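Please read the following walk through a predicted model alongside its sequence and coordinates.

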Amino acid sequence: MGEQVYIFDTTLRDGEQSPGVSLNTEEKLRIARQLARLNVDVIEAGFPVASPGDFEAVQAIAREVQGPVICGLARANYADIDRAWEALKEAQRPRIHLFIATSDIHLKHKLRKSREEVLQLAAAAIRHARQYTSDIEFSAEDASRSDINYLCEVVEAAIEAGATVINIPDTVGYAVPMEFGEFIGTIRQRVKNIDQVTISVHCHNDLGLAVANSLAAVAAGANQVEVAVNGLGERAGNAALEEIVMALYTKRSFYRRETGIKYDELYRTSRMVSSLTGMQVQHNKAVVGKNAFLHESGIHQDGVLKERTTYEIMNPQLIGVPQETIVLGKHSGRHALRERLAELGYMMADEELDKAFARFKDIADRKKEVTDLDLEALVKNEIRISKDLYHLSYLHVFSGTNIVPTATIGLKRNGLKYEEAACGDGPVDAAYKAIDKALGGHHVALVDYNLNAITGGKDALGEVMVRVQYKDKYFIGRGVSTDVIEASVKAYLNALNKVLQEVGEDAL
Ligand SMILES: CC(=O)SCCNC(=O)CCNC(=O)[C@H](O)C(C)(C)COP(=O)(O)OP(=O)(O)OC[C@H]1O[C@@H](n2cnc3c(N)ncnc32)[C@H](O)[C@@H]1OP(=O)(O)O
Ligand SMILES: CC(C)C(=O)C(=O)O
């Protein structure tokens, strides 16, 4: 096979810039460990100067995760670079990723600097970073809307100053494939010593072209692609890791390039990231969507039964889609549960498995068969790392036609009981108001409420996901039960517990 294309994963940095996504350090560590198992080449762990939480997560990943290069983002200024290095310095293979915009629109309105000033800033920042490490990536933000002559000048200066990876981002997803391929080709032709560095691309999906543009760049000679699991990222997201990897593999006779990715970890990684970020994967999403390997119509089913490849260009087993050979129900034990959860991407410590097992048995008593979707719903809360302060002791709700919905709630915290009652527009509203009163009021706003039936049938589990906001931070809470009011209460309490765990009593 041909030359390698390096997979640079930015789920933990640009991916976390998805509106509404906020991961804590433990959750980021879990994702980073899984990315290492997937064998990505680079993990962009965060933007250390952005917040103490970001710094802590990058430092924890740099200390623990071996194998991939661990990268931290910094603007082209010394304070950002010093902070990034402080977080990265214990990594086995650290990389500082510096960026500054090169398009006139960004220079004029955002940076308020001349072309010459930006070129000098970029070069000085790279020289400053070089004192810490020889692995320096430089990104020309908004490259695809930059004047190509100026862009080539900046890239040349960046290489001269010591950058070892040159990243050409399509920051606002403005490029189209043929144009972007030619753009990369021009940079390769014009820039002195470009063959001495890795050429990277970072494409956004504003026009739905992030994957197509990245592949066009690979065909034109780029050898690093920046991606995020499930296509997460700012606005419409980044190029989806699983789509790039499987396109390069499936069309290897065309691209003649390879990645080091362990394909059978792809599905697991997608599930884990979806659970931890709360960003659901759309059913018809390529490669990892629920429908990606389902065949609905008769002619297709007939074809697949005769020969799978009539309608499948990828083998679901290759990417680790679990094959359901064991039916989980009330007679199943811990081993079967652990195995199935691992197949779904949930590697559980013994204590977590015990909790999940107890919840599984509870549900299995009420449902004949516990499906993969039920299981995921059950364990999602177990793997969102948080220590609950308030626990639900009891819930009574009166609701119906022509009566005012009323809820009574009993909560426990450190052995103390908190009980309150409230009326509301509906039973969920009443229960939430009762919780708010029991906590003595708080400064957290409910911004999103979603109720899903996990599987069909009368005995379906209801999964409620809420998103709450405290200042500029979002927290996701989940609750699962065969009773949707109980699921709603659990979800809200789960979110409030997370706020309290991270922010402390100031939130009250
Ligand atoms: C394309 C991308 O995805 S870039 C990464 C985006 N990610 C983030 O922004 C992470 C979250 N951000 C944050 O927490 C904050 O924006 C911080 C902590 C990074 C900076 O906060 P603040 O210092 O308050 O600055 P603020 O964000 O309001 O403005 C950005 C400043 O950085 C400057 N700047 C922006 N990019 C760069 C750069 N690459 N190099 C140097 N300066 C830059 C802007 O011109 C502006 O400067 P000004 O204050 O002189 O006008
Ligand atoms: C920092 C750079 C690589 C970026 O995220 C972008 O340009 O979108």
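Residues are numbered from 1 along each chain as its sequence is written, and chains are lettered from A and ligands numbered from 1 in the order in which they are written. The model is predicted: local features need pLDDT of at least 70, side-chain atom pairs count only at pLDDT 80 or more, and totals for chains, interfaces and linings use all residues.

The chain is assigned domain 1 (6–261), domain 2 (322–383) and domain 3 (391–507), with bounds from an automatic or database domain assignment. The centres of domain 1 and domain 2, taken over C-alpha atoms, are 38 Å apart.

Ligand 1 is surrounded by 16 residues, the closest being Ala 50, Arg 75, Ala 76, Ile 100 and Leu 111 (a residue counts if its C-beta atom, placed from the backbone, lies within 6 Å of the molecule). Strand E4 (94–101) and helix H4 (104–111) are the elements that give two or more residues to this shell; helices (H or I, at least four residues) and strands (E, at least two) are DSSP runs, numbered from the N terminus.

Around ligand 2 lie Asp 14, Phe 99, Ser 139, Glu 141, Asn 167, Pro 169, Thr 171, His 202 and His 204. Strand E5 (136–141) and strand E6 (165–170) each supply at least two residues of that shell.

In H17, 14 of 20 residues are buried (20 or more other C-beta atoms within 10 Å of the residue's own, C-beta atoms being placed from the backbone). Just after H17, Gly 504 takes a positive phi of about 85 degrees.

How values were computed
A residue is buried if 20 or more other C-beta atoms lie within 10 Å of its own, exposed if 12 or fewer, and partly exposed in between; C-beta atoms are placed from the backbone.
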